[in-house]
Amino acid sequence: MLALSDWSALSPVERAALLARPVAERGATLEAEVAAIISAVREQGDAALAEFTRRFDGVAPATLAAAADEFAAAEAELPRAAHAAIDRAIENVRRFHEAQRLQPLAVDIAPGVRCERIEVPIEAVGLYVPAGSAPLPSAAIMTAVPAALAGCPTRILCTPPRRDGGADPAVLVAAARLGITQVYKVGGAQAIAAMAYGTATIPKVDKICGPGNAYVTAAKQQVAADPAGAALDLPAGPSEVLVIADDSARADFVAADLLAQAEHDRSAQVLLVTTSRRLAREVVAEVERQQARLSRRAITRAALAASRVIVVDDLEAAFAVSNAYAPEHLILALDAPREWLARVRAAGSVFLGHWSPEPIGDYCSGTNHVLPTYGYARAYSGLSLADFTKRITVQELTPSGLADLGPVARTLAGLEGLDAHAAAIEVRLAALARA
């Protein structure tokens, strides 16, 4: 099942191969398939969405938009415990994201020269909630909470339909709790295209947020590269976790953490990097025992085929491996995890210690679970309140401020050979001299 490797015995080429993502193997083919889907949606609109939904989801919903009676039925269908769990998760996520609000910024750079930064919401955002092999109401919470806090005027949500043609009830309940009434039963790359360019039914948005499979991620990247499309939040594809563990870790805990991510998707990837060969062997055996009891074991087996257990000489080497891989989720199953936190240079979200399982972050700790995958954690951060706002800078000069700073700008414009830049300043300086 899980392949065990000794890091110190591998060549640089072998190490790179060991840390390769499985989804990357389909790169060119997948990109072409996604481009064809986007093109069809742009040309054919709702008709293309209906065709792709029949082809990929095996269902033809009567309407793309979830109706009011569907929201009401969803409210009635969910048990009280489910409502309470959704409400608690929303509360925690709201608390953490509310604390992310930027303070107003105004600086008097010099007498008569003031610079400011203001924050405004993005006008229209599209939220994507996966529901392929499993519905993810948690993704509705993670995207809709910051969108609501930011005050985005238009907020729409796309999610794949169930076999009966309806949207998942928990997704509808979470969306309704957060003021989203425009929910569309369409998924995959076709949903991203619809939100990016608009159709007769689905409005065009300025930015698309939310996780998804490799097709969704590729579609977000393609439409973001088109000025006529829509911006993306971050590349958030198939799930992944890397666990760094020492001798203090429990094999059953670590195995459960690995399987929790492996069950997401056949393209998911999980890694254990440990200083303990004993723990490595125990985790391999424990993964085999635990996964046999899982309802999604066919998916976990497929994911585990591309997953790894890596034995390293020391924790310094473990963190070097982790930073090179740049995992979406990083679990520090260590005796003193906080002492090692400063070694983390690339990770979407970190879980400290033996009692911080990753699914708590997926659902209700308060942090956001929309995180960079594929190694994009080297440069991207997880979804936050800032992803739903724009920071606009402002400057205001008085006549005396321009008299002081204008000559500096005029000189710099001269160095760059931009006469019109210099003239825009000079005409004002001349007016001040005549006053």
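Q: Over which ring does the charged end of Arg-42 sit in this predicted model, and how far from its centre?
A: A charge counts as sitting over a ring when CZ of Arg is within 6 Å of the ring centre and within 35 degrees of the ring normal. The charged end of Arg-42 is placed in this way over Tyr-197, and its distance from the ring centre is 3.8 Å.

Q: Over the face of which residue does Arg-21 lie?
A: Arg-21 is 3.6 Å from a ring centre. The ring belongs to Tyr-325.

Q: How many aromatic pairs does the structure hold, and why is the pair of Phe-52 and Phe-56 stacked?
A: The total of aromatic pairs is 5. For Phe-52 and Phe-56, the ring centres are 5.7 Å apart and the planes meet at 5 degrees. Planes under 30 degrees apart count as stacked, so the 5 degrees between these two rings makes the pair stacked.

Q: Which helix holds Phe-52 and Phe-56?
A: The two residues are 4 apart in the chain, which means a separation of about one helical turn. Phe-52 is buried at 7% relative accessible area, whereas Phe-56 is partly exposed at 44%. Both belong to helix H3, residues 46–57.

Q: Where in the chain do the partners Phe-319 and Trp-340 lie, and how many residues apart are they?
A: Their rings are stacked, with 5.4 Å between centres and 10 degrees between planes. Phe-319 is in helix H13 (residues 315–325), and Trp-340 is in the loop between strand E12 (329–333) and strand E13 (349–352). This pair links distant parts of the chain, at a separation of 21 residues.

Q: Is Trp-340 buried or exposed?
A: The cut-off for buried is under 20% relative accessible area. Trp-340 has 18%, so Trp-340 counts as buried.

Notes. Residues are numbered from 1 along each chain as its sequence is written. This is a predicted model: local features need pLDDT of at least 70, side-chain atom pairs count only at pLDDT 80 or more; totals for chains, interfaces and linings use all residues. Side-chain values use heavy atoms; hydrogens and water are left out. Rings of Phe, Tyr and Trp (its six-membered ring) pair if their centres lie within 6.5 Å; planes under 30 degrees apart count as stacked, over 60 as edge-to-face and the rest as tilted. Buried means under 20% relative accessible area, exposed over 50%, partly exposed in between (1.4 Å probe, protein chains only).
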